[in-house]
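I opened a model today and kept notes on what I looked up. The entries follow in the order I made them.

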Amino acid sequence: MRKKKVLFLDRDGVIVIEDQIDSYEMIIYIPHVFEALRKIRRECDYSFVMVSNQDGVGTPSFLYEDFIKCQRRIIETLENEDIYFDDINVDYSLPSDNCPTRKPSAKMLESYKSGEYDLENSFMIGDRITDMMLAKNIGCKGILLNKDVEIPEELKDTVALQSGNWLEILSFFIPEEKTHRAADVERVTKETAIELSLDLDGSGKGELKTGIGFFDHMLEQLIKHSRFDIHGNVKGDFEVDEHHSVEDLALTLSYAIKKALSDKRGIERYGYEVLTMDDVVATVSLDFSGRADFIYDVDFKREYIGSFPTEMIRHFFKSFSNGAEMNLYISVTDGNSHHQAEAIFKAFARALRNAVKRIPGSDDISSTKGVL
């Protein structure tokens, strides 16, 4: 009979923020914990076991009634996310009590040493060194969800992974799982200095500020409608003009997308969007072909929108096409220049989102050549 593997999980600092959680307002979940635990639960063969120290529950400063209502809310929320625990173990003592069931003692988990469980291939996920000590005491490996503590020498063989986020832990358990496709890119020249982080599988959060008012407004549209998470710092030689900042940001962002897509396996590859905005209609079509080609059918009646030269819109997208090695076609009907530009950026963002979308169950490259 095959032995069961176990994923022992601390609660505070791993599932919810580290705190005395005695009111609903104190329940704040760790980023990406639902996504990661749900996938591990569905796709890996682990029993889920919660192991938590809750200091002084039942004392006047931490009423049992307050603890249990919050605990039930946490468990109910997890179950609503299709995350179920097979066993829950909570020690209510204070450190000064020296209770034998308190972590890092493995006394509370004695039943898991019965021989029924495959502890050698089990893991304890916690945010404290005491959690790693518990892992050693019970005979499993540890995953430390905390990048800010140093692992003692005697625990280095126990700790299989030290990480600051749940996505990295998810990749540890499911290496073939393409989790968030992300990239960090830095471009420094005598004209600009740009640092940028990109997550293709985000939710449209982030900020890119160049100091060029209208251009920053367009970049907000790009982030929002692509649903990419993009964070960056842009420093440019504005004493010259905006040219270098616009061009280098286009190159940096396109390099980041190219890096995040890697060999482009399993993506749609082609993106297309027709978008209307008040009096104009913008059309964007693109292909991550590995070859740069650019067609731009746009006629602005104004030389500037605000203080931003409309010619720089063409240059931004031409530079982007070159950096990403994509075919890019852009057109927009005549109309209000602000609407023309904004419709273009929104359509471009949505076409990007469509092109990088994963094809469910596919790991193929979308080309008969076998390479893009």
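Which are the buried residues of helix 1 (residues 33-43)? I found Val33, Glu35, Ala36, Leu37 and Ile40. Buried means under 20% relative accessible area, exposed means over 50%, and partly exposed lies in between (1.4 Å probe, protein chains only). Helices (H or I, at least four residues) and strands (E, at least two) are DSSP runs, numbered from the N terminus.

Before going on I noted the ground rules. The model is predicted, so local features need pLDDT of at least 70 and side-chain atom pairs count only at pLDDT 80 or more, while totals for chains, interfaces and linings use all residues. Residues are numbered from 1 along each chain as its sequence is written, and side-chain values use heavy atoms, with hydrogens and water left out.

**Cover of helix 1.** I looked up what covers those buried residues, and the cover includes strand 1 (5-9), strand 2 (46-53) and helix 4 (166-173).

I found 4 strands in an open sheet, in the order 7-8-10-9, with mixed pairing. Two strands pair if DSSP finds at least two bridges between them. Strand 7 (182-188) and strand 9 (206-209) are the edge strands, each pairing on one side only. On average, neighbouring strands of this sheet are turned by 5° against each other, direction ignored. Axes are lines fitted to C-alpha atoms, for helices over the stretch in contact, and angles run from 0 to 180 degrees between N-to-C directions.

Strand 9 pairs with strand 10 (residues 229-236) in the parallel sense, over 4 bridges. Gly206 has Ile230 in strand 10 as its bridge partner. Helix 5 (residues 213-226) packs on the sheet and touches strand 9 and strand 10; its direction makes about 155° with that of strand 9. Contact here means heavy atoms within 4.5 Å.

**Leu208.** Leaving out residues up to four places away in sequence, I listed what Leu208 touches: Leu196, Asp216, Leu219, Ile223, Ile230, His231, Gly232 and Leu249.

Strand 11 (residues 270-277) and strand 12 (residues 280-287) pair in the antiparallel sense over 8 bridges. They form a hairpin with 2 residues between them, and Asp278 in the turn has a positive phi of about 55°. Strand 13 pairs with strand 16 (residues 327-332) in the parallel sense over 5 bridges. Tyr296 has Ile330 in strand 16 as its bridge partner.

**Val274.** Which face of strand 11 holds Val274, the covered or the uncovered? I found Val274 on the uncovered face with Tyr270, Tyr272 and Thr276, while Gly271, Glu273, Leu275 and Met277 make up the covered face. In a regular strand the side chains alternate between the two faces of the sheet. Val274 counts as partly exposed because its relative accessibility is 43%. Its bridge partner in strand 12 is Thr283.
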